[in-house]
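Here are a few notes to read alongside the model. Have the sequence and the 3D view open as you go through them.

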Amino acid sequence: MTASVPNQFAGTATSDVSALDANFAALVNYLNSTLPSYVQAAQGYSLGFGETGVVMAVPADLNVAPLGWVQYNPSTSNLPGTSNYGICLTVSHVGTLASTSAFVFQTARTTDGQVYTRQNISAAGWTAWESVVQAALSLPDSVDLDTVLTSGFYRINATPVNGPPVTVDNSQLLVSRGSDTIFQLIVMYGSGRTWTRGASLTGGTQVWSAWIKSANALGDSTQTFAVATAVAATEAVPLAQAQALYFSTTTNVTASRVLGTFYTNTDSTARFVTFTVWGNATTAIEFSAEVDAITVYSPLIPAGSHSAVFSFVVPPGITYQIVQSVTGAYTNLVWTESR
């Protein structure tokens, strides 16, 4: 078979056709060497990675960042976390940000190795940045803990502001935020003791609770509580009030007490009064104990050789007395008081 020369090359010398073949081969080699980079760039654009060798744009506000990758710096608004530098990818399930039905998601990676995500569903507005669990982020010295509002793990360095009333340098901080509520938990690196607090972020205003220290199951002589006097069964009892319920010293006061005479408990704690007496063999007798003019006990000792023992409690500031309400002979009267 004889090869035919295309019309546009008719009459061309054989040497010229050979030169054309060489140029065609060079063109094929050039295309083979350059097309892959163009294909790669096209693939990058389709995935939002940008063009190789082209610096990513820096938007003024990540809330209006275009689809694809951008970089951000301190001049950018609505940044994630505490780092001012990083890159952010914005994607939409409908391929546009203009649609009010678009599901738009952003993922950002900071220069300190943290990853954050957020979303804007059907133009409802951007949610708060949420941290993807990463290694603990080291906070700067003197950081204000009121400003650490992004969920995640952090390492507290020196002299944090608005921390617990103890030194928590080098301790770990856990932050968990859900919409308009948040809590912070600090685990002290030396003792493992924890401090917690919570806050409401409604309307952009932070209302933090006080820091609360966890109780130590093994006891802690340094732990104190500010407890008011208990007035209900469900309230804690402070030490002074509890001491009024038990007695450490018992004294025989028989020689200084007279039947039928009112005495006043002038102590700050209660008194526990015990009275013992023996009746005679022929007549029944009776004694009554009164606290604040109310009879609290009135035992009748029958005729014969019998004894009676009774006790009662006198609160602070209250009067009390013991009277013989049925007269008759008696012996071995003993009156003691514990306080």
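1. Start with R257, which lies over the face of Y263, at 4.5 Å from the ring centre. A charge sits over a ring here if NZ of Lys or CZ of Arg is within 6 Å of the ring centre and within 35 degrees of the ring normal. The charged end of R197 does this too, sitting over the ring of W208, 3.8 Å from its centre.

2. A word on the source: this is a predicted model, where local features need pLDDT of at least 70 and side-chain atom pairs count only at pLDDT 80 or more, while totals for chains, interfaces and linings use all residues. Residues are numbered from 1 along each chain as its sequence is written, and side-chain values use heavy atoms, with hydrogens and water left out.

3. Back to R257: its side chain makes a polar contact with the side chain of E337 (3.1 Å). That term means a pair of N or O atoms within 3.5 Å; within protein, one must be able to donate a hydrogen and the other to accept it, and residues adjacent in sequence count only if both atoms are side-chain atoms. E337 lies in strand β21, and with 1% relative accessibility it counts as buried. Buried is under 20% relative accessible area, exposed is over 50%, and partly exposed is in between (1.4 Å probe, protein chains only).

4. How many aromatic pairs does the structure hold? There are 8. Rings of Phe, Tyr and Trp (its six-membered ring) pair if their centres lie within 6.5 Å; planes under 30 degrees apart are stacked, over 60 edge-to-face, and the rest tilted. F275 is in strand β15 (residues 271-279) and W335 in strand β21 (residues 330-338), so the pair ties together parts 60 residues apart in sequence. Strands (E, at least two residues) and helices (H or I, at least four) are DSSP runs, numbered from the N terminus. Both F275 and W335 are buried.

5. Next, look at F287 and Y330: with centres 5.5 Å apart and planes at 80°, the pair is edge-to-face. It links distant parts of the chain, with F287 in strand β16 (residues 285-291) and Y330 in strand β21, 43 residues apart. F287 is buried at 1% relative accessibility, whereas Y330 is partly exposed at 34%.

6. One aromatic cluster is formed by Y263, F275, F287, Y297, F310, F312, Y320, Y330 and W335.

7. Two backbone spots deserve a look. Most residues other than glycine have a negative phi. S122, though, has a positive phi near 55°; S122 is in the loop between β4 (115-121) and β5 (130-132) and is partly exposed, with a relative accessible area of 36%. D292 also has a positive phi, of about 55°, although it is not a glycine. D292 sits in the loop between β16 and β17 (294-297) and is partly exposed at 45% relative accessibility.

8. Last, which elements hold S214 between them? S214 is in the loop between β12 (212-213) and α2 (239-243), partly exposed with a relative accessible area of 24%. The C-alpha atoms of S214 and W195 are separated by 6.2 Å, although the two residues are 19 residues apart along the chain.
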